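Please read the following report alongside the sequence and the coordinates.

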Amino acid sequence: RGSKDKIFVVKINPYMPDKLVTVGIKHMKFWRRAGGGLIGRKGCIGALGRTDTMMCAVYGWTEEMAFSGTSTGDVCIWRDVFLIKTVKAHDGPVFSMHALEKGFVTGGKDGVVALWDDTFERCLKTYAIKRAALAPGSKGLLLEDNPSIRAISLGHGHILVGTKNGEILEVDKSGPITLLVQGHMEGEVWGLATHPHLPICATVSDDKTLRIWDLSPSHCMLAVRKLKKGGRCCCFSPDGKALAVGLNDGSFLIVNADTLEDLVSFQHRKDVISEIRFSPGAGKYLAVASCDNFVDIYNVMSSKRVGICKGASSYITHMDWDIRGKLLQVNTGAKEQLFFEAPRGKKQTIPSLEVEKIGWASWTSVLGSCCEGIWPIIGEVTDVTASCLTSDSKVLATGDDFGFVKLFRYPAKGKFGKFKRYVAHSTHVTNVRWTYDDSLLVTVGGADTSLMLWTYEMEGHRDSRQCDSEESDLDSEEDGGYDSDVTRENEINYTIKALSTNIRPMFGIKPHLQQKEPTLDER
């Protein structure tokens, strides 16, 4: 065991692979391999100071030299296990450090990258990560000036910098800073909405940011805004001029889609707003669903709540308007498919045959006879987290808790429908949406906080290029209806399987079948 408290970094000595160093909360320990284990010695501070929390560590130009960055902004220089010197490097914690052939590069909470000589005697140059320093070719916008630097690396004359805000930047030694890629930060991403007539989309996350993304080949962030709370859903108005955002504290706001400035905000609930939808056409009404089992309907023109949909026995998961803007379809966590008259919110009972005849402005539901085939053979209906139907009502895309994006022919009637399956997200897929012209499918991952774009090519017009995602065409007849290798694995009984085959080849006749010689009495 290394320590009772957290260890942040483990570094192996590049000159002697049987030695390593660990750093963490009030922890600096030097280890060497002994037999099949490790023997550790604490770093000797001596009279130079007290044991501080170490955030990062690297080895230097010789096997006995090591360097660590502290939570107070110092760099500690170690020879063997002894502290020989401390140097003030940053205002605030030194989160990252990289050793070069003739020096070091460090990054801290102060948002500054510093280049040092090989003895930490002189700081050769500093680079402040600021909006004003971004090169013209940068893709996107910095969330803030001087973001906390959490990772740093160097190669080919450039410094790669990773920030707490989910940005990766390339710093040229001559000065220009290029923003290469960015995304959401801590928490999960659930909120996703595509624009009704432009190739852009909006995302909102637990990290308390609302972001607008360009879906054209530039693939960059166009705008960002900080929110008072994290959010789980968003939706563009039918004209694309307004954007509604549901927050985790039960409030929601409508912002200008171009400037992201507030237009109006409300709070009638205390639980998470799980779904939010403008009515079709003029977007006169806004339906706001929450995890406390209610859907509130607001008149956008008068900014008043005009109806409450009651009767759900669990939290609301999905919601769709019909084409006329008079009926609301609601899915709940208790596998309920409910219907409410708008705007008053009166509950309606509609037979399944009649539901199929209704024209829906959108289809993002996971319940109902027309999409029964998307449900997994084993597991819950809640394993399918999101769905979205193309505007021509031919293809239904889904995202699930296994990280798969699937395409079904619509309607997907009957159990275990045939599908195409694609893999890219590292965790559960929380939302899927088609763009206005169905040319792209946009998906977001929960814990991987990623936004992914998929090109949709019509059958007969597909290129024969190699697909970098796993693609499968499974059928209930040919593969038992499994929609993931996970379910197949769960079905295997390894105990029975192990005993069904011999452990080693057997020869001769089994004892109970051998012909025995008669005993004397038998003779």
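## Two hairpins around strand β11

In this predicted model, β10 and β11 form a hairpin with three residues between the strands, and Gly 111 there takes a positive phi near 75 degrees. Strand β10, which spans residues 103-108, pairs with β11 in the antiparallel sense over four bridges, and Gly 107 has Val 113 of β11 as its bridge partner.

A hairpin is also formed by β11 and β12, with six residues between them, and in its turn Phe 120 has a positive phi of about 60 degrees. Five bridges join β11 to strand β12 (residues 123-128), the two running antiparallel, and Ala 114 stands opposite Thr 126 in β12.

## Burial of strand β11

How many of the five residues of strand β11 are buried? Five of the five residues in this strand, which covers residues 112-116, are buried, so that by the cut-off of under 20% relative accessible area the strand is mostly covered. In a regular strand the side chains alternate between the two faces of the sheet. In β11, Val 112, Ala 114 and Trp 116 lie on one side and Val 113 and Leu 115 on the other, and with all of them buried both faces are covered.

## The open sheet β1 to β4

Four strands make up an open sheet in the order β1-β2-β3-β4, with antiparallel pairing. Its edge strands are β1 (7-12) and β4 (37-42), each of which pairs on one side only, and the twist from one strand to the next averages 25 degrees. Strand β3, residues 27-34, is joined to β4 by six bridges in an antiparallel arrangement, with Arg 32 standing opposite Ile 39 in β4.

Residues up to four places away in sequence aside, Leu 253 touches Arg 225, Leu 243, Ala 244, Val 245, Leu 247, Asp 262, Val 264 and Ser 265. The C-alpha atoms of Leu 253 and Leu 263 are 7.5 Å apart in space, while the two residues are ten residues apart in sequence.

Leu 180, in strand β16 (residues 177-182), counts as partly exposed because its relative accessibility is 38%, between the cut-offs of 20% and 50%. Together with Leu 160, Ile 168 and Val 181, Leu 180 forms a nonpolar patch on the surface, and the four residues have about 300 Å² of accessible area together.

Methods
Residues are numbered from 1 along each chain as its sequence is written. This is a predicted model: local features need pLDDT of at least 70, side-chain atom pairs count only at pLDDT 80 or more; totals for chains, interfaces and linings use all residues. Side-chain values use heavy atoms; hydrogens and water are left out. Contact means heavy atoms within 4.5 Å. Patches are made of residues with over 30% relative accessible area and no salt bridge: like charges are joined within 9 Å, nonpolar side chains (Val, Leu, Ile, Met, Phe, Trp, Tyr) within 5 Å. Accessible areas come from the Shrake-Rupley method with a 1.4 Å probe; for residues, only the protein chains shown count as cover. A salt bridge is a side-chain nitrogen of Lys or Arg within 4 Å of a carboxyl oxygen of Asp or Glu. Buried means under 20% relative accessible area, exposed over 50%, partly exposed in between (1.4 Å probe, protein chains only). Two strands pair if DSSP finds at least two bridges between them. Axes are lines fitted to C-alpha atoms, for helices over the stretch in contact, and angles run from 0 to 180 degrees between N-to-C directions.
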